[in-house]
Amino acid sequence: MTIPADAAARRAVKPVICYPVEALAQPDLATYAAFRAQAVKTGEVLVPPRDAATFTVPAGGFFRISSVDGPQVGDLNLWNADDLSERFYSGKTRALHGTHVTTGQRLWSSFPGMRPMATILADTLGWYGKDSFGGSVHDVIGTRCDPYTHNLLSGGQYHHCCHSNLTRALADATGLPLHIAEAHVHDVLNVFMCTGFTRDTGQYFMKASPVRPGDYLEFFAEIPLLGALSACPGGDCSSEHSSDQAMCHPLLVEVFETPADVLGDWVSPPPNGYDRSHGR
Ligand SMILES: [Zn+2]
C-alpha cells in the first residue's frame with residue numbers, strides 16, 4: 001500500500017448528510033399529544049426476564065415501554081398487524097435519523113411500504129444525549145443478540161437470546177411454526193440500551209444502561225401494530241449477553257387506544273409512493 005501525496009487533502013473533504021430529513025413530512029406532535037390526552041389504557045403485558053411477549057396496538061393508539069424493577073434493556077420488533085411482510089426497518093431508520101432515536105423521530109417500515117410505523121412521543125432518557133465515549137441510548141445499530149453469533153464465538157447452545165425469545169413469542173401469537181416465525185424476526189430497536197462505536201476500531205460497544213425504574217419510551221402507532229419485546233438476557237448490558245450471568249428484570253408494555261371520535265379524520269400514512277416499476 002502506498003499513501004498518496006494528497007492523502008491529508010482527501011481525508012479533509014467535508015462529509016455531507018446522506019439523507020437530509022428536512023424534506024420529510026414532520027410528525028404533528030401537537031395533534032398526537034391531544035390524542036394521547038384522550039387515550040384510554042386497554043391492556044398491558046409484563047415481559048419476563050430473558051423472555052419476550054407480544055402486544056397489539058390499533059392505528060392511532062399508543063404504547064409505552066417502562067423499566068419496572070431494575071435496569072434492563074429491551075429488543076423491539078414491530079410488524080403491520082394486518083401484514084407481517086411489512087416490518088420495522090432498522091437500517092433505513094438509522095440512515096434517516098442516525099444511530100439512536102428519541103422524541104419526534106420515527107420507526108420506518110420495510111420496502112415497499114416504507115412509511116412511518118411508529119413515532120416516538122416521549123423519552124425519559126432524552127437527557128442522556130451522547131456521552132464522552134460516543135455512546136447513546138435506544139440504538140438502531142445493533143441487530144439483536146442471537147444464538148448463531150453466540151455459537152460462532154463461544155460454541156454453545158443458548159436458547160434465550162433476544163432472537164429466540166422474539167421467535168417463540170411471534171410463533172405463540174400467530175400460530176406459525178417456529179421456523180416460519182423466525183424468518184419474520186428482524187433487526188430491532190434496542191430500547192434503553194446504551195451503545196456506540198469505539199473511536200479507534202469502530203467496533204460496536206455497549207455499556208451499563210442509564211435506565212432506572214420509572215423510565216419509559218412511548219410511541220404513537222401510525223399503523224395497526226403487532227409488537228414483540230424481549231427482555232434481553234444481557235440485563236442492563238454492562239457485561240455480557242447470550243448467557244444467564246447478567247442480572248435481568250422484567251419490562252412493562254402498556255397499550256392505550258384513542259377513541260374514534262377523538263381521532264376524527266386522522267388516517268394512517270399511505271404506503272410509499274414509488275411505483276415499483278424499477279425502470280421496466
Ligand atoms: Zn438481547
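## Pairing of β3 and β11

Strand β3 (residues 62–67) pairs with β11 in the antiparallel sense over 5 bridges; strands, like helices, are DSSP runs numbered from the N terminus (strands E, at least two residues; helices H or I, at least four), and two strands pair if DSSP finds at least two bridges between them. Within this pairing, Ser66 stands opposite Tyr216 of β11.

The structure is a predicted model, in which local features need pLDDT of at least 70 and side-chain atom pairs count only at pLDDT 80 or more, while totals for chains, interfaces and linings use all residues. Residues are numbered from 1 along each chain as its sequence is written.

## Strand β11 and its other neighbour

Strand β7 (residues 116–123) is also joined to β11 by 5 bridges, and the two run antiparallel. Here Glu218 of β11 is the bridge partner of Ala122.

Strand β11 (residues 216–221) is mostly covered, with 6 of its 6 residues buried; a residue is buried if 20 or more other C-beta atoms lie within 10 Å of its own, exposed if 12 or fewer, and partly exposed in between, with C-beta atoms placed from the backbone. In a regular strand the side chains alternate between the two faces of the sheet. Tyr216, Glu218 and Phe220 point one way from β11, and Leu217, Phe219 and Ala221 point the other way.

## The sheet and the helix across it

The open sheet has 6 strands in the order β1-β13-β3-β11-β7-β6, with antiparallel pairing. Its edge strands, β1 (40–47) and β6 (106–108), each pair on one side only. Strands β6 and β7 pair over 3 bridges, and Arg106 has Thr119 in β7 as its bridge partner.

Helix α2 (residues 29–38) lies across β3, β7 and β11, running at about 75 degrees to β7; axes are lines fitted to C-alpha atoms, for helices over the stretch in contact, and angles run from 0 to 180 degrees between N-to-C directions.

## Core and contacts

The largest nonpolar core has 61 residues, and Ala221 and Leu229 have the most contacts inside it. Such a core is a set of buried Ala, Val, Leu, Ile, Met, Phe, Trp, Tyr and Cys residues joined through C-beta atoms within 7 Å.

Not counting residues up to four places away in sequence, Ala221 touches Val57, Pro58, Ala59, Gly60, Gly61, Phe62, Phe63 and Ala118; contact requires C-beta atoms, placed from the backbone, to lie within 7 Å.

## The chain as a whole

The chain has 7 helices and 13 strands. Of its 280 residues, 41% count as buried.

Conventions: Two residues are in contact if their C-beta atoms, placed from the backbone, lie within 7 Å.
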